[in-house]
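Here is a briefing on one protein chain. Please look over the sequence and the coordinates before reading the points below.

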Amino acid sequence: MSLTEQQISELVTNIESGDESDWYDNVDDSSSDSEVEGNLSDSLRKNIFNILNEKHSTASSTVNIDDMPIVCEDNVVIPPEILPRTTSDRQLPIIPPKKCTVEVFSDKWIFDKTSLSNFQPKHFLFDSLNSGSMLEDIPENFKEIDIFKAFFDEHFVDHIVEQTNKYFKFIKINFTLKKKSKLQYWKDTNCNEMYTFLAVCLLMAHVKKNKIKDYWSTSFLLSTPAFGQLMSQNRFLLILRLLHFNDNFNQIPGDRIYKIKPVIETLRKKFKNSFSPGQKMCIDESIVE
């Protein structure tokens with residue numbers, strides 16, 4: 001059994017080797033655990049002893065085997081307190097353990113105490129009498145459709161209808177439609193049909209299926225007649241394909257939310273004007289996300 005210089009350095013500096021199996025391939029498996037550990041310890045010490053003596057055979061001082069590393073249980077190596085030195089009084093080469101060079105602290109995390117003394121929290125005035133819903137034109141015996149139309153009013157839906165029809169014209173001008181393309185059967189939509197389209201989209205969240213076409217399936221196991229009664233499959237897919245909220249002719253380069261900006265701005269204003277928060281509120285984590 002022979003050891004390389006790297007393995008010797010690993011033994012002396014107590015650094016684990018990448019492949020420990022190479023060190024004791026020659027150990028007999030039939031021996032007991034105590035015998036194996038003893039043989040391994042003696043074999044390692046003797047091999048290191050012989051290699052060092054060969055390297056420093058010309059030196060006046062010899063290496064004492066008692067100064068060699070001691071192998072304990074689980075192959076833990078304890079280096080000697082005093083290492084042998086050569087005639088030039090130079091210490092034998094030892095590979096130092098790797099040190100962490102990552103900076104734990106950074107100047108970016110320095111706490112500025114002056115900012116705390118100058119901090120002035122923003123005070124909000126809460127009116128408990130006028131807090132809560134601020135929706136107008138809502139009947140006393142309102143239904144779900146009344147709440148929905150408070151946010152998606154006819155003016156907003158008319159804007160979606162206008163941009164959807166305009167997008168079909170944009171496609172017709174800039175692209176050549178194939179004869180068998182379903183876009184050949186397109187007819188301009190209107191406000192009532194767009195409300196039906198939105199209702200079908202909301203209903204899909206209650207009846208979840210793997211594919212959109214499964215909602216119009218006539219299979220005994222998958223059939224849901226309500227979707228076919230509200231709107232045909234081909235018409236739904238056509239509107240879904242052409243659905244638009246902003247004018248493509250006035251596309252602003254670099255504006256990533258240009259196509260949905262009217263929806264975001266409209267709903268943001270409606271949400272802000274429809275509810276006045278009280279002083280005590282419970283925010284669900286799904287709202288924050």
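What share of the contacts in the chain with a separation of 6 or more comes from residues 24 or more positions apart? The share is 58%. The model is predicted, and its mean pLDDT is 75. Of the 289 residues, 27% count as buried.

**Confidence**

- A pLDDT of 70 or more is reached by 61% of the residues.
- Helix H6 (residues 191-204) has the highest mean pLDDT among the elements, at 95. Strand E2 (residues 77-78) has the lowest, at 56.
- Over residues 15-31 the pLDDT is below 50. In the model this stretch still has 21 contacts beyond near neighbours in sequence.
- Residues 82-90 also stay under 50 in pLDDT. Here the model has 12 contacts beyond four places in sequence.
- Where pLDDT is low, the predicted coordinates should not be read in detail.

**Fold outline**

- The chain has 10 helices and four strands.
- Along the sequence, the order of elements is α-α-β-β-α-β-α-α-α-α-α-α-β-α.

**Helix packing: H6 and H8**

- The axes of H6 and H8 are 11 Å apart, and the helices pack at an angle of about 95 degrees. That angle falls between 65 and 115 degrees, so H6 and H8 are roughly perpendicular to each other.
- On the H6 side, the contact is made by Glu193, Met194, Phe197, Val200, Cys201 and Met204.
- On the H8 side, the contact is made by Arg235, Phe236, Ile239 and Leu240.

**Aromatic pairs**

- A search of the whole structure finds 10 aromatic pairs.
- One of them joins Phe170 and Phe249. The ring centres are 5.1 Å apart and the planes stand at 85 degrees, so this pair is edge-to-face.
- Phe170 lies in helix H5 (residues 154-174), and Phe249 lies in the loop between helix H8 (233-242) and helix H9 (261-274). The pair therefore ties together parts that are 79 residues apart in sequence.
- Are the two partners buried or exposed? Phe170 is buried, because its relative accessible area of 17% is under 20%. Phe249 counts as partly exposed, at 45% relative accessibility.
- Tyr215 and Phe227 form a tilted pair, with centres 4.8 Å apart and planes at 55 degrees. Tyr215 lies in the loop between H6 and helix H7 (225-230), while Phe227 lies in helix H7, so the pair ties together parts that are 12 residues apart in sequence.
- Both Tyr215 and Phe227 are buried.
- Ring pairs link Tyr215 and Phe227 with Phe197, Trp216 and Phe236 into a cluster. Phe197 of H6 and Phe236 of H8 also take part in the helix contact.

**Charges over rings**

- Arg235 lies over the face of Trp186, 4.5 Å from the ring centre. Arg235 is also one of the H8 residues in the contact with H6.
- Lys149 places its charged end over the ring of Tyr195, at 5.1 Å from the centre.

**Asp247 in its loop**

- Asp247 is in the loop between H8 and H9. Phe249 lies in that loop as well.
- Why does Asp247 count as buried? Its relative accessible area is 11%, and the cut-off is under 20%.
- Leaving out residues up to four places away in sequence, Asp247 touches Gln163, Lys166 and Tyr258.
- Asp247 and Tyr258 are 11 residues apart along the chain, and their C-alpha atoms are separated by 9.1 Å.

Definitions and conventions
Residues are numbered from 1 along each chain as its sequence is written. This is a predicted model: local features need pLDDT of at least 70, side-chain atom pairs count only at pLDDT 80 or more; totals for chains, interfaces and linings use all residues. Side-chain values use heavy atoms; hydrogens and water are left out. pLDDT is the predictor's confidence in each residue, from 0 to 100. Helices (H or I, at least four residues) and strands (E, at least two) are DSSP runs, numbered from the N terminus. Contact means heavy atoms within 4.5 Å. Rings of Phe, Tyr and Trp (its six-membered ring) pair if their centres lie within 6.5 Å; planes under 30 degrees apart count as stacked, over 60 as edge-to-face and the rest as tilted. Buried means under 20% relative accessible area, exposed over 50%, partly exposed in between (1.4 Å probe, protein chains only). A charge sits over a ring if NZ of Lys or CZ of Arg is within 6 Å of the ring centre and within 35 degrees of the ring normal. Axes are lines fitted to C-alpha atoms, for helices over the stretch in contact, and angles run from 0 to 180 degrees between N-to-C directions. Angles under 35 degrees count as roughly parallel, over 145 as roughly antiparallel, 65 to 115 as roughly perpendicular and the rest as oblique.
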